[in-house]
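Subject: Structure for your review

Dear colleague,

Please find the structure below, together with its sequence.

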Amino acid sequence: MGQVSLTGYEVRRRLRFCYLKWRTEMHRELVIGYLDALAPELEVYGWRCVPTYRPEVIVVQQPLLRVYGEHGAVTMVNVMAVPGGRWGFHEAAYGWSGFLFPCEGDIKDAAKGIDRFLRGRCAELRA
């Protein structure tokens with residue numbers, strides 16, 4: 001039959017998504033800087049972090065920080081642009097819906113919040 005036209009809301013939503021994706025891709029060095037700052041802070045809490053964004057190791061489209069616990073991989077963390085010109089740490093498997101903590105402010109607070117999330121994740125995996 002006929003195609004349904006996009007509403008103004010749907011158009012704005014798709015444009016916002018494209019803009020955030022573009023910002024994330026264009027500011028790769030900023031994203032890597034946030035992940036480099038997060039890794040040693042998470043290691044203080046006992047997590048082992050492996051960066052997978054160094055071009056000499058492997059070329060990836062999206063910089064990821066693999067986080068390992070006692071019993072193997074727990075999750076992968078990435079940095080993505082969020083509305084309002086800000087940045088946030090996200091669980092890579094869930095994209096923008098996997099928001100963990102904002103990048104702005106003290107990186108120690110972000111590591112503490114992500115540590116709480118990871119400990120909860122490990123408890124779920126053991127149960």
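Val 11 lies in helix 1, which covers residues 8-26. Helices here are DSSP runs of H or I with at least four residues, strands are runs of E with at least two, and both are numbered from the N terminus. Please note that this is a predicted model, in which local features need pLDDT of at least 70 and side-chain atom pairs count only at pLDDT 80 or more, while totals for chains, interfaces and linings use all residues. Residues are numbered from 1 along each chain as its sequence is written, and side-chain values use heavy atoms, with hydrogens and water left out.

With a relative accessibility of 35%, Val 11 counts as partly exposed. Buried means under 20% relative accessible area, exposed means over 50%, and partly exposed lies in between (1.4 Å probe, protein chains only). Together with Leu 6 and Leu 15, Val 11 forms a nonpolar patch on the surface, with about 260 Å² of accessible area in total. For such a patch, residues need over 30% relative accessible area and no salt bridge, and nonpolar side chains (Val, Leu, Ile, Met, Phe, Trp, Tyr) are joined within 5 Å, like charges within 9 Å. A salt bridge is a side-chain nitrogen of Lys or Arg within 4 Å of a carboxyl oxygen of Asp or Glu. Accessible areas come from the Shrake-Rupley method with a 1.4 Å probe, and for residues only the protein chains shown count as cover.

The strands form an open sheet of five, in the order 1-2-3-4-5, with antiparallel pairing. Strand 1 (48-51) and strand 5 are at the edges with a single partner strand each, so one side of each has no neighbour in the sheet. Two strands pair if DSSP finds at least two bridges between them.

Strand 4 (residues 86-91) is mostly covered, since five of its six residues are buried. Six bridges link strand 4 to strand 3 (residues 72-82) in the antiparallel sense; among the bridge partners, Trp 87 goes with Ala 81 and His 90 with Asn 78. These two strands form a hairpin with three residues between them, and Gly 84 in the turn has a positive phi of about 90 degrees. Towards strand 5 (residues 99-102), strand 4 has three bridges, again antiparallel, and Phe 89 is partnered there by Phe 101.

Finally, how many disulfides does the whole structure hold? The search finds zero, a disulfide being a pair of cysteine sulfur atoms within 2.5 Å. Cys 103 is buried at 3% relative accessible area, and Cys 122 is buried at 12%.

Yours sincerely
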